[in-house]
Amino acid sequence: FFGTKGPGNEWPHAWWSFCFLGNAFGSLGWLWFGSSQTYKVVRKPSEILCKNVYGGTVECFPLEKIEKLETGANCCGKYISVTVTDQYYEERRVKAGCCACCVKKTECFFLSAKCFADFVQDHGLSATGVVVGSPSQEA
């Protein structure tokens, strides 16, 4: 275990070395929250994509399926929440199969202060309020 022999010419117990085992599992991707944490939001003509730190897509919200975009804040900072239509919510639950209980009608994601401000400005939202209705295609 990454050490030198101790008294009695025995290897000491190096429990700290197990941190490498945890990091090995984390590097697999799906076990570490970095692969499922929203890092940036990309607005395309027909959808809003939430990307993770590796560039993978965490969530995809077709614009016509968005019922409401909101901004909010709590002790962790400011966030954006996306509420989808009931029909799309049920479609996602069916697609999720046995993980249907993990599908939410309203998804929230935190962004850095700059990305949050840019998103709010680009989408015509209020940094402290709620905007109800589908987002404009021209925004």
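Visitor: Why is F116 called buried?

Guide: The relative accessible area of F116 is 4%. Buried means under 20%, exposed over 50%, and partly exposed in between, with a 1.4 Å probe and protein chains only. So F116 counts as buried. This is a predicted model: local features need pLDDT of at least 70, side-chain atom pairs count only at pLDDT 80 or more, and totals for chains, interfaces and linings use all residues. Residues are numbered from 1 along each chain as its sequence is written, and side-chain values use heavy atoms, without hydrogens and water.

Visitor: Where does F116 lie?

Guide: F116 is in helix 3. Helices (H or I, at least four residues) and strands (E, at least two) are DSSP runs, numbered from the N terminus.

Visitor: What makes V53 partly exposed?

Guide: V53 has a relative accessible area of 41%. That value falls between the 20% and 50% limits, so V53 is partly exposed. V53 sits in the loop between strand 2 (47–51) and strand 3 (57–62).

Visitor: How many aromatic pairs does a search of the whole structure find?

Guide: The search finds 2.

Visitor: Why is the pair of F109 and F119 called edge-to-face?

Guide: The ring centres of F109 and F119 are 6.3 Å apart, and the planes stand at 90 degrees. Rings of Phe, Tyr and Trp (its six-membered ring) pair if their centres lie within 6.5 Å; planes under 30 degrees apart are stacked, over 60 edge-to-face, the rest tilted. Therefore this pair is edge-to-face. F109 belongs to strand 6 (residues 106–110) and F119 to helix 3 (residues 113–122), 10 residues apart. Both F109 and F119 are buried.
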